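Here is a short report for a reader who is new to this structure.

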Amino acid sequence: MITKEAVQFLDDLIANNTTDWMHANKKRYENYKKDYHNFIAGILAEMKPLDQSLEPLEVKNCTFRINRDIRFSKDKSPYKTNMGVWFTQNKFRKNSPGYYIHFEKGNSFIAGGVWCPEADELKRIRKEIAFFHEDLEAIVNNKFFKKEFGAITRDENNTLKKAPKDFEANHPAIEFLKLKSYTASQKIDDNDFLNPNFSKIVAQKLIVLKPLNDFLNRALETEE
């Protein structure tokens with residue numbers, strides 16, 4: 001669970017997103033960071049028995065820096081006001097499939113899969129789908145997947161309008177092949193993060209995404 005103190009820190013940061021305020025509240029940030037790491041540790045403890053590929057992960061592998069990259073952003077606010085957690089199935093690959101938890105007032109969710117893979121990785125995934133689309137269809141049509149996540153995320157930002165190069169427009173899995181990311185997500189109520197049993201509850205939800213992650217990993221690890 002997330003502590004009320006951590007939530008309050010983020011609330012105050014939203015209203016005071018400056019380096020001066022952060023420096024003046026250094027002790028509070030240090031306490032927030034401890035709560036953040038404890039939050040991750042609790043979920044990792046629940047996830048590792050369910051997905052053994054996560055066994056090598058330590059808390060430090062799952063964190064995000066609070067500093068924003070503002071070099072190319074019109075928003076020059078220096079700090080992130082959300083809490084993110086990333087459990088990857090292969091910490092040695094730059095963009096490995098995995099599980100994501102996002103706490104942000106009014107926009108909290110959990111997700112998994114692989115987001116915006118590099119061109120060569122995307123080609124590998126599409127090739128796997130082209131040959132073994134029945135496997136992917138079985139995953140997304142599973143009753144537990146449909147109950148928790150509905151379907152693979154599909155929107156205009158991550159979907160091609162036409163068939164990708166080297167793939168037939170009439171392929172039976174063309175709608176999967178058009179995707180540029182392979183993720184699924186579920187909205188989570190902010191208050192759920194304060195539940196003492198949150199780690200166990202969210203682990204049972206996230207593990208439903210394991211077959212999707214396994215399929216994507218299989219694609220990325222298959223030799224050309």
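At what angle do helix α3 and helix α7 pack, and how far apart are their axes? In this predicted model, helix α3 (residues 26–47) packs on helix α7 (residues 198–206) at an angle of about 50 degrees. Their axes lie 9 Å apart. That makes α3 oblique to α7. The crossing of α3 past α7 is right-handed. On the α3 side, the contact is made by Phe 39, Gly 42, Ile 43, Glu 46 and Met 47. On the α7 side, Phe 198, Ser 199, Lys 200, Val 202, Ala 203 and Leu 206 take part. By class, the residues of this contact of α3 with α7 are seven nonpolar, two polar and two charged.

## Two other helix pairs

Two packed helices are described by the angle between their axes and the distance between the axes. The table gives these values for each pair in this report.

| Helix pair | Angle | Axis distance |
|---|---|---|
| α3 and α7 | about 50 degrees | 9 Å |
| α1 and α3 | about 130 degrees | 9 Å |
| α4 and α8 | about 140 degrees | 8 Å |

Take α1 and α3, which pack at an angle of about 130 degrees. That makes α1 oblique to α3. Their crossing is left-handed. From α1 come Glu 5, Ala 6, Gln 8, Phe 9, Leu 10 and Asp 12. They meet Arg 28, Tyr 29, Tyr 32 and Asp 35 in α3. The contact of α1 with α3 counts five nonpolar, one polar and four charged residues.

Now take helix α4 (residues 119–140) and helix α8 (residues 210–221), which pack at an angle of about 140 degrees. That makes α4 oblique to α8. The crossing of α4 and α8 is right-handed. α4 brings Glu 121, Arg 124, Ile 125, Glu 128, Ile 129, Phe 132, Asp 135, Leu 136 and Ile 139 to the contact. α8 brings Pro 211, Leu 212, Phe 215, Leu 216, Arg 218, Ala 219 and Leu 220. In the contact of α4 with α8, eleven residues are nonpolar, none is polar and five are charged.

## The pockets

What is the volume of the largest pocket? It is about 860 Å³. The largest pocket has a lining of 28 residues. Nearest its centre lie Phe 64, Trp 86, Asn 95, Tyr 100 and Trp 115. Four strands, β1 (83–88), β2 (98–103), β3 (109–114) and β4 (182–187), each supply at least two residues of this lining. β3 gives the most, with five residues. The lining of the largest pocket divides into eight nonpolar, 16 polar and four charged residues.

The second largest pocket holds about 200 Å³ of space. Its lining has 14 residues. Tyr 29, Tyr 36, Phe 64, Arg 65 and Ile 66 are the ones nearest its centre. α3 and β1 are the elements that give two or more residues to the lining of this second largest pocket. α3 gives the most, with five residues. By class, six residues of the lining of the second largest pocket are nonpolar, five are polar and three are charged.

## The cavity

How many cavities of 30 Å³ or more does a search of the whole structure find? The search finds one. The largest cavity holds about 30 Å³ of space. Val 7, Leu 10, Asp 11, Ile 14, Thr 81, Phe 103, Glu 104 and Lys 105 line the cavity. Helix α1 (residues 4–15) gives the most to this lining, with four residues. The lining of the largest cavity has four nonpolar residues, one polar and three charged.

How values were computed. Residues are numbered from 1 along each chain as its sequence is written. This is a predicted model: local features need pLDDT of at least 70, side-chain atom pairs count only at pLDDT 80 or more; totals for chains, interfaces and linings use all residues. Side-chain values use heavy atoms; hydrogens and water are left out. Axes are lines fitted to C-alpha atoms, for helices over the stretch in contact, and angles run from 0 to 180 degrees between N-to-C directions. Angles under 35 degrees count as roughly parallel, over 145 as roughly antiparallel, 65 to 115 as roughly perpendicular and the rest as oblique. A crossing is left-handed if the near helix is turned anticlockwise from the far one by less than a right angle, and right-handed if clockwise. Contact means heavy atoms within 4.5 Å. Ala, Val, Leu, Ile, Met, Phe, Trp, Tyr, Cys and Pro count as nonpolar, Asp, Glu, Lys and Arg as charged, and the others, Gly among them, as polar. On a 1 Å grid over the protein atoms alone, a cavity is a set of points where a 1.4 Å probe fits but cannot get out, and a pocket is an open set with protein on both sides within 12 Å along at least five of seven lines; lining residues have an atom within 4 Å of a point. Grid points are joined across faces, edges and corners, and a volume is the space filled by probe spheres set on the points.
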